[in-house]
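These are my notebook entries on one chain. I record below what I looked up, entry by entry.

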Amino acid sequence: MPDFLSFINEILWGSVMIYLLSAAGIWFTFRCGFIQFRAFRYLGKSLKNSLSPQPGGLTSFQALCTSLAARVGSGNLTGVALAISIGGPGAVFWMWVTALFGMATAFAECSLAQLYKEPDKQGQFRGGPAWYMARGLGMRWMGVLFSILLLIAYGLIFNTVQANSVSHALRFAFNCPEILTGSVMAMATLLVIVTGIKGVGRIMQWMVPVMALLWVAASLVVSALNIEQLPDIFTLIMNSAFGWREASAGVMGYTLSQALAAGFQRGMFSNEAGMGSTPNAAAAAASWPPHPAAQGIVQMIGVVVDTLVICTASAMIVLLAGPVDDEQNVAGIQLVQQALMNLAGGWGAGFVALIVILFAFSSIVVNYIYAENNLIFLHPTAGKSRWLLRGSVVAMVVMGSLLSLPLVWQLADVIMALMAITNLTAILLLSPVVLLIARDYLRQRKLGIQPVFDAARYPDIEAQIAPGAWDDLPRQ
């Protein structure tokens, strides 16, 4: 079974997903008129407007921080180190490329999530891929399939990966027993997730900026102390990205393919554009200005912060530290700990352990929120089943801290690929709607007026959206 799953993963993530996600990013980039570049000047204004509370949901900033909490996990540290070790420094360049095209995909799926959101019994907006599959495409069965896949991946398995990284980091830094790490994390997770999506949103709007700034600040300090090496590091990244350094040795094709595959995999895993996870947070926002594209633009900021900022910060630390001696026998999160120790001294391991605790804990909490959201899609009056999900999440955190479960992780990768394929199929089928949303938003911006979505202008879409989602908005 492990060999079979490994073979399936090689096919899915070694070729199929790279081509599919890249094609989706390129398609939406051209289809929406290079929206990530044309709307770049609106990012600051969108972020400023997103701070004000609006009735019916989270602020856009809370939704952004919630989605970032899921994006920014231990993989932003461990995954970057592994990508560099597998694909060389050139993997960092291809990671940046995925972010640029991934912004367009994120805009598409998050705008659709906003458009097809609906208020629940408490007046909180809910939505995501399952909703736009059911409402936009009229294919509830596809939404059910997507929700089941997300429940398995985000509700259960991925949390073991995060907990495992934390337990290994604390064992390496402080020799802390894994059972203690798992038990404390499980209790802390339970205390937070019972507050619901609004409680988690309020916590994440403070926690995510702090943890991101801590890690980026550490990278900037290390880079400043080794500033004379930075030109060589960036030259190394560019040369390795295209195999120029290895061309004379006749291995350019292998090096280029390794760098491209490793960089694309790390970038796609990290920013999650096209995976269908982020729209669950985007739909929960009461977007301002009141237009679906506004939340799509805000969520593009998440791709920039995750990949172009945080992953790059990790890459700088790993590359400045140089290769780790094989005799030290370190792997995973310990690669990053050893790198920072080599650059900054013994405190580096403990600091990385603190960062990975924050990154992993926030991911676990928001993974649950995503899972709960899709549980509500399947069973709107979920009561006992919600507590069953909470208990399962807590159990998987403890289990993940104690055990290394490569078979389970391989299964999760397969499920995540199937989830992404389902979501990408839906957003590509709905690309005419995405184009309409983008044009409507940019048209109003060009006219110098505040964008407002008037569903009455588009009768076909008006018939699909939920009652109460876009009612009582100021008309143009």
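**Entry 1: backbone in two loops.** I looked up Phe-34 and placed it in the loop between helix H1 (2-31) and helix H2 (35-38). The model is a predicted one, and in it the phi of Phe-34 is near 55°, a positive value in a residue other than glycine. I then checked the cover of Phe-34: its relative accessible area is 36%.

I next turned to Asn-175, which sits in the loop between H8 and helix H9 (178-193). Asn-175 is not a glycine, yet its phi is positive, at about 55°. Is Asn-175 buried or exposed? I noted a relative accessibility of 52% for Asn-175; exposed means over 50%, so Asn-175 counts as exposed.

**Entry 2: the pair H8 and H17.** I looked up how helix H8 (residues 140-174) lies against helix H17 (residues 384-402). Their axes come within 7 Å and cross at roughly 35°. I recorded the crossing of H8 and H17 as right-handed. On the H8 side, the residues in contact include Leu-151, Gly-155, Ile-157, Asn-159 and Ala-163. On the H17 side I listed, among them, Leu-389, Val-393, Met-396 and Gly-400. Sorted by class, the contact of H8 with H17 has eight nonpolar, eight polar and no charged residues.

**Entry 3: Gly-391.** I stayed with helix H17, in which Gly-391 lies.

**Entry 4: cysteines.** I searched for disulfides, and the structure holds zero of them.

**Entry 5: the chain as a whole.** The chain has 20 helices and two strands. It has 476 residues, of which 59% count as buried. The accessible surface of the chain comes to about 18,400 Å², and carbon and sulfur atoms account for 67% of that area. Of the contacts between residues at least 6 apart in sequence, I noted that 81% join residues at least 24 apart.

Definitions and conventions
Residues numbered from 1 in each chain as written. Predicted model: local features only at pLDDT ≥ 70, side-chain atom pairs only at ≥ 80, totals over all residues. Heavy atoms only, no water. Helix = DSSP H or I, 4+ residues; strand = E, 2+ residues; numbered from the N terminus. Buried < 20%, exposed > 50% of the residue type's maximum accessible area, 1.4 Å probe, protein only. Contact = heavy atoms within 4.5 Å. Areas by Shrake-Rupley, 256 points an atom, 1.4 Å probe, with all protein chains shown as cover. Disulfide = S-S within 2.5 Å. Axes fitted to C-alpha atoms, helices over the stretch in contact; angles between N-to-C directions. Left-handed = near helix turned anticlockwise from the far one by under 90°. Nonpolar A, V, L, I, M, F, W, Y, C, P; charged D, E, K, R; others polar.
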